[in-house]
Amino acid sequence: MEEDKKREAVIRVRDLYKIYRMGETKVHALDGVDLEIYRGEFCAITGPSGSGKSTLLNMLAGLEHPSKGEIVIAGKHIEKLNEKQLVTFRRERVGFIFQSYNLIGTMNAVENVALPLSFRGMKKSERLKRASQYLKMVGLEKQMRHMPNQMSGGQQQRVGIARALAVNPQIIFADEPTGNLDSKTTMEVLKLMQKIVRERNQTLVMVTHDNNLATYADRIFKIIDGKIVHIEENHREVDLLALEQAQETISTEGEGEKRV
């Protein structure tokens, strides 16, 4: 507990509710969530489909308003912000990594990474230079001029990571970032994400349904029926090679069952 007091909580959530009405029925997507996430942490939010994990991520990112409760991000109560203020908050503080990459098909890799910087009023030459630097960081020096349809899924996701990083966010939100990738590429992307968080002391919050991938995070928040039912401390380096081999074994066994 003393150690936690010394760490800087970049995200604080208190008594958070999200209630949807379906006719006369109330559905509690979030049902009194409390949590703290610290600067430089890689956290995973896990749970079955419909558990509320994506709703929680949307709340933390200011994409949805809570029905009740407090969300304090970098000292700012975002539940009190209007839509214009939220847009500014996201632009200045937050980066997003999506499962479906969300790249613009008519732009090449550099242009996709540079796009968010245009909303900050940065000159074209400056934003293209920065985009190039971040593409090199994620290992895509040779694919800078490639269009999305000329890249593999793993390469497209690396572009997505570079785009999220280029705005120099305090917090990165990743929604099932490896959901469309094979096991080998998944491991490469996870290694890259952890390396970036460690080196840049940024905070990464990842939603995943895969419990194996969640073990890669520093802390794991398990959510069921809108409530956090377990928080697992995981302050150890996971053996990624073993994790990759386990993923491949599962994949091979699945293919064997199909052949049978």
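The structure is a predicted model, in which local features need pLDDT of at least 70 and side-chain atom pairs count only at pLDDT 80 or more, while totals for chains, interfaces and linings use all residues. Residues are numbered from 1 along each chain as its sequence is written, and side-chain values use heavy atoms, with hydrogens and water left out.

**The chain as a whole**

Let's start with the overall picture. The chain holds nine helices and 10 strands; these are DSSP runs numbered from the N terminus, with helices being H or I of at least four residues and strands E of at least two. Of its 260 residues, 47% count as buried. Here buried means under 20% relative accessible area, exposed means over 50%, and partly exposed is in between, using a 1.4 Å probe and protein chains only. The accessible surface comes to about 13400 Å², and 48% of that belongs to carbon and sulfur atoms. Such areas come from the Shrake-Rupley method with a 1.4 Å probe, and for residues only the protein chains shown count as cover.

Contacts (heavy atoms within 4.5 Å) say something about how the chain folds back on itself. Among those between residues at least 6 apart in sequence, 70% join residues at least 24 apart.

**Threonine 46 and isoleucine 220**

Threonine 46 lies in strand β3, residues 42-46, and isoleucine 220 has its place in strand β9, residues 219-224. These two residues are 174 residues apart along the chain, yet their C-alpha atoms are separated by 7.1 Å. Threonine 46 counts as buried because its relative accessibility is 2%, and isoleucine 220 is buried too, with a relative accessible area of 8%.

Leaving aside neighbours within four places in sequence, threonine 46 is in contact with residues including Lys53, Thr208, Asn211, Phe221 and Ile223, as well as Ile220.

**Helix α3**

Next comes a helix with a buried side. In α3 (residues 83-93), Leu86, Phe89 and Arg90 are buried. They cover an arc of only 95 degrees around the axis, so they sit on the same side of α3; the arc is that of the directions from the helix axis to the C-beta atoms. As a general point, an α-helix has 3.6 residues a turn, so residues three or four places apart point the same way. Among the elements that cover the buried residues of α3 are β4 (68-73), β5 (76-77) and β6 (94-98). At the start of α3, a side-chain oxygen of asparagine 82 reaches to within 3.2 Å of the backbone nitrogen of lysine 84.

**Salt bridges**

Side chains of opposite charge can pair when their charged atoms come close. A salt bridge here is a side-chain nitrogen of Lys or Arg within 4 Å of a carboxyl oxygen of Asp or Glu, and by this rule the count comes to 11. The table gives some of them.

| Salt bridge | N to O distance |
|---|---|
| Arginine 219 and glutamate 41 | 2.8 Å |
| Glutamate 188 and arginine 158 | 3.9 Å |
| Aspartate 218 and arginine 198 | 2.9 Å |

What does the pair of arginine 219 and glutamate 41 tie together? Arginine 219 lies in strand β9 and glutamate 41 in the loop between β2 (25-38) and β3, so the pair ties together parts that are 178 residues apart in sequence. Arginine 219 counts as buried at 6% relative accessibility, and glutamate 41 is buried at 1%.

Glutamate 188 and arginine 158 form a salt bridge that links helix α7 (residues 183-200) to helix α6 (residues 153-166), the two residues being 30 residues apart. Glutamate 188 is partly exposed at 30%, whereas arginine 158 is buried at 18%.

Aspartate 218 and arginine 198 also pair up, joining the loop between α8 (211-214) and β9 to helix α7, at 20 residues apart. Aspartate 218 is buried at 8% relative accessibility, while arginine 198 is partly exposed at 35%. Elsewhere, salt bridges that share partners join Arg12, Arg14 and Glu36 into one network.

Technical notes
Polar contact = N/O pair within 3.5 Å; in protein donor to acceptor, adjacent residues only side chain to side chain.
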